[in-house]
Structures are given as structure tokens and as C-alpha cells.
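Here is a friendly walk through a few parts of this protein model. Please have a look at the sequence and structure first.

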Amino acid sequence: MPLVLFVLLAIVILILFSGFMTFYIACVRRKELNWLVEDEIKNTPYGKHFQNIQIGYNFLQEHNAQDLWMDSFDGKKLYAAFVAAENPRGTIILAHGYRSSKLVDFGIAFQFYHDMGLNVLVPDQRAHGMSEGHFITFGVKESKDMLSWINYHNRQFGAQPLFLSGLSMGASTMLYLADKDLPKNVRGIIADCGFTSPRDIIASVYKRVIHLPAIPSIWATDLFARIIAGFSLFQEDSRKSLKNSKIPIIMVHGTEDGFVPCDMTREGYAACVGEKQLFLVEGADHGVSFLVQPERYRQLVTDFINSKLEDSI
């Protein structure tokens, strides 16, 4: 074999190998932490949130959270916990982030939303918790799941005012729905530290960790995502959905986010043509804006939800 062909073949093999490993590391489900065992998470980035995880767990237990099960559009059994409010004013659906859980991302916020008179519906995203699935798709299939949860909610509990909130991948999951024909009872989205697209966040992490450009490896990653997991890294982009946004949105991001660059939310906000608010939390790292500025965060969300509840009357 001529040397040039050998080198080209070696490069192709290296790109394919790199692409497959990126897909495997990023998208394939793996054994999860036991969020309720402190010794198991104390040496992870989640360890500092153990008290808040316990608060969330205790809330679900004390309020006799109802177990909900639903079949996804592609036949996966999906799980959510549901806590009803007394004389509910509406419902909020909370979507957790990448390789995280409802307790980690929203445990401390359950009581806040419940005290506002909202039912709290918190799904385990596919390939997380008690929901089935082998692959994480960075909001592509997850957004379809959330649309199914919206429709499930309306069938089971009636078309009362509904709010969508997500953190990290959960935020992107919700933002991908911004241009969809949602039921009229969906009143608004609260998107905290979401990324623009699967391609962008994988490329960002790839460059930060490996210190190399993501191209051309990202193309191979997309190839394996299409073949094995049935989705494309280029399939969704919040900037595109926000250009045709049909729903009021609050976008939140910490300025010192070390995982999802804050510029991704800035880009989404700039693209959004609908009613929008931007809340940048100075000094906050990934997913902790609620903890860094709790009073301002609560007031912003309270005012937003109350105004949209009044609009629905």
C-alpha cells in the first residue's frame, strides 16, 4: 500500500474511533449514582448539593408523590413524579439536566413552586432514573417526550395553565419546543443554563477537555448517533426554534458557567423573537443560579408565572 493511502486510511480510522468514543462517552447510558447515599456522591460535583437532594426527596415523600408512567413516541416506558397542589392554579413540568436527576436539579425548588399553588410534575428524562432508554440525545428525543408529558397532563388533569422549566439539557429540551404548536394552556418556559444544540455542547466540551478542534471528529460522532441512537447532533438548535418562538420565555444563565458557556444563552436570547426576559447571574457556575441569587430568582419567576396566570383568565 502506498504510504499516502496508508496515512489517509490511518487518519480515517482515527477519526472514526474518536467519533465513536465521543458518542459512547456522551450518549450511552451508564450506571447512575445513588443520589440518596452521601458517601456515594460526596466526592463528585454533586456532593455539595446533598442537603438539597434530601430536601427534595423528603418533599416528594411527605406529599405522597404520585407515580406516573407513560409510553414514549418510540416505545420507552417513561416515569414522572406528580405532587398535586390544593386548589391548583396550574402545573409546572420540571426537566432535569444531563446525567443528573430531578432531586439534584430541582429538589430545593419543589416547595417553592408548590407554595405558589402549582402542581409539580417532574419526569425522569429518558435514559435516566426510572425511565427506560439506552441513549441520551441532548434534548432531541427528550423534547418529544416533554410534548407527550404535556398531552398526558392535559388528558389526566385537565387543560389548566401549564409552565415548562428546565435546567441545562432540560432547558434545551424545553427551548426546542418554543416554535412547536403547543396546547394553548402552555403559558411560558423558564430555561436555566441551556445549550444551543447537541453539536455545539459536545464540540465545546471536546475542545475544553481534549484541547483540539471538534471537526472532523464531530461528524463521525454524528454518524454513530444517527446509526446507533437514531438522532442527529444537528437535528435541533434552540436559536432556530427561538426565531419562531410562540411562547413567553425567561432565560437564565450563570456568567461563570464552566460547562455550558453563558454565550449560548446570549445567542438564544438574541435570536428569540417572542416575549422574553434575560437573567444573567454574576459569578454563578453551572446550574446554581437559583442558589447564588435565590431571592431575585424567586421574585423573577413568581412575577412571570403570576402575570401569565392572569393572562389566562
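Which residue of β5 does Thr 91 stand opposite? Thr 91 stands opposite Leu 162 in β5.

## About the model

This is a predicted model, in which local features need pLDDT of at least 70, side-chain atom pairs count only at pLDDT 80 or more, and totals for chains, interfaces and linings use all residues. Residues are numbered from 1 along each chain as its sequence is written, and side-chain values use heavy atoms, leaving out hydrogens and water.

Let us begin with β3, residues 90-95. Helices (H or I, at least four residues) and strands (E, at least two) are DSSP runs, numbered from the N terminus. Six of the six residues in β3 are buried, where buried means under 20% relative accessible area, with a 1.4 Å probe and protein chains only. In a regular strand the side chains alternate between the two faces of the sheet. Here both faces are covered, with Gly 90, Ile 92 and Leu 94 buried on one side and Thr 91, Ile 93 and Ala 95 on the other.

Strands count as paired if DSSP finds at least two bridges between them. β3 runs parallel to β4 (residues 118-123), with four bridges, and parallel to β5 (residues 162-167), with five.

## A closer look at Thr 91

Thr 91 lies in β3 and counts as buried because its relative accessibility is 0%. Its bridge partner in β4 is Asn 119. The side chain of Thr 91 also makes a polar contact with the side chain of His 153, at 2.9 Å. A polar contact is a pair of N or O atoms within 3.5 Å; within protein, one must be able to donate a hydrogen and the other to accept it, and residues adjacent in sequence count only if both atoms are side-chain atoms.

## Val 83 in strand β2

Val 83 belongs to β2 (residues 77-83), and its 1% relative accessibility is why Val 83 counts as buried. Leaving aside residues up to four places away in sequence, Val 83 touches several residues, among them Phe 59, His 63, His 114 and Asn 119; contact means heavy atoms within 4.5 Å. Asn 119 is also among the residues that Thr 91 touches.

## Helix α8

Finally, α8 (residues 198-210) has 13 residues and reaches 18 Å from its first C-alpha to its last, close to the 18 Å expected at 1.5 Å a residue; the expected span is 1.5 Å times one less than the number of residues. Buried residues of α8 include Ile 201, Ile 202 and Tyr 206. After α8 comes His 211, with a positive phi near 65°.

Key. Buried < 20%, exposed > 50% of the residue type's maximum accessible area, 1.4 Å probe, protein only.
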